[in-house]
Amino acid sequence: MTDLAQGTHAGHDHAPAAASSMPAPSSPDPRLPRLAEIPAFRDYMATGWGTPDRDPKLPAGAAEAAAAHRARLSAQFPGRVIAVAAGSAPVRANDTFYDFRPHSDFAWLTGCAIEDAVLVLTPAGSAHDATLFVPPPAYPGDTAFFRDAAHGELWVGSAPSLDDWSAALGIEVRALGRLGELVGASSVGGSNGEVLFGGAPWHPPFDRGAAPDLARVLAELRMFKDAWEIAELRRAVDDTVDGFASVIREIPTAVERGGERWLQGTFDRHARTVGNGPGYSTIVGSAGHAPTLHWVRCDGPVVPDELLLLDMGVETRAFYTADVTRTFPANGTFSAAQREAHDLVERAHRAGLAAVAPGRAFSDFHHAAMEVIANGLHDWGLLPVSVDEALSPDGQHHRRYLVCGIGHHLGLDVHDCATSSYEAYQGATMAPGMVLTVEPGLYFHTFDETVPPELRGIGVRLEDDLLVTDTGAEVLSDALPIDAAGIEDWMRAR
């Protein structure tokens, strides 16, 4: 997924928004009659129910990893109370909601997805105690069991109890209504700064603004993936590669009918089956749509003789996402002009990959790839200035055809760690445990009159996911070829 221009942090433009950390007062579904006021019905609904399986469905190792993450955060804020909210599903319309996805900081610290939950860390000696506050589920015997569409078990399915969550997560779990016991309104928002708020936005009276230091520290801690997180990212990448194969097999159908959306739907169905779904809006750009960096509209045809740019990533059930891009000839064979553009991007990509290693500046792979792009464009006669002038801070003419950055951190968010400081992100050196993307490209729009006709409408991007190791870097997505001949062979083998 293309990042913002190098030198600025990527925003959370693909992360699901959270409406609030506290639930709105529940109310009966307006389509229901006032059943709770009918004694016979109410009494009948309170009896005759068994107990469904309410075990929380957690990814293996998630609770243990979250405990280690909390310990790392605790060490950064000795003596401070920390509260991190999971958030709520955004409203689509009326009583219809988008899918819930917890705030990434909350997921990192708990390993679970509970809507409206709040994690509170309170000082306990040299560390912190963790307490999770959750909305209690409504079981048989409570009229909310059949009236509350947000928490009634009849509506939402089997719902773990507070004790179930406590046993699964290894921490104390209390009802959300008791949150004020640890995060009282009198201690919040004042000048003493007793509570650090983070995660999703909060409702009053608990918050008057999240703590920027907390968001920054969490982002910078999350830059360094532990063994469990790396395993999740490997799974995300492997599942994504399988998703590419599924999409390639559907190209003939997409050409005949369905177009870009058929391929987008193919990958999204695959991602939803093996994980939570896509980690960001799947990009499928055919022909003149390929140069559009975030072409998520996907409302065009798949043109057989044109390029097909696929930018896709599976999000695992633990919320870690891959981010991989390849550009394919829809008919299986690159034309001369398409291959020339692809070859230049490949050379830039290999230069960028070679510049990823511990101890090197984070910006090294950006500059390495850009230098190759600028030289290639100059050789084609597309730059109005010399290569040196184009690469200078006051030039950047080559960026007309590559306006985005060359890579970004990857993890729980596709543009991970975005609230880090400049010094910890672009101004830092790469170190073992970081996972990042390298993604050079060339984007020649159909209406760009500075390029010759044969290049107009060509968009090429190559993007791989890399783990920085002690001695260099491992390309996690290397199961997909990056050279034109290899891509053609890979397509034929599907």
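Two strands pair if DSSP finds at least two bridges between them. Helices (H or I, at least four residues) and strands (E, at least two) are DSSP runs, numbered from the N terminus. The model is predicted: local features need pLDDT of at least 70, side-chain atom pairs count only at pLDDT 80 or more, and totals for chains, interfaces and linings use all residues. Residues are numbered from 1 along each chain as its sequence is written, and side-chain values use heavy atoms, leaving out hydrogens and water.

**Exercise 1.** State the strand order of the open sheet and find its edges.

Solution.
1. The five strands follow the order β6-β5-β4-β1-β7, with mixed pairing.
2. β6 (172–175) and β7 (195–199) each have a single partner strand, so one side of each lacks a neighbour in the sheet.

**Exercise 2.** Describe how β5 joins β6.

Solution.
1. β5 (residues 127–134) and β6 run parallel and are joined by four bridges.
2. L132 is placed opposite V173 in β6.

**Exercise 3.** Classify the packing of α2 against α7.

Solution.
1. The axes of α2 (residues 62–76) and α7 (residues 212–222) come within 11 Å and cross at roughly 135 degrees. Axes are lines fitted to C-alpha atoms, for helices over the stretch in contact, and angles run from 0 to 180 degrees between N-to-C directions.
2. The two helices are therefore oblique to each other (under 35 degrees is roughly parallel, over 145 roughly antiparallel, 65 to 115 roughly perpendicular, the rest oblique).
3. In contact (heavy atoms within 4.5 Å), R72, L73 and Q76 of α2 meet L214, V217, L218 and L221 of α7.
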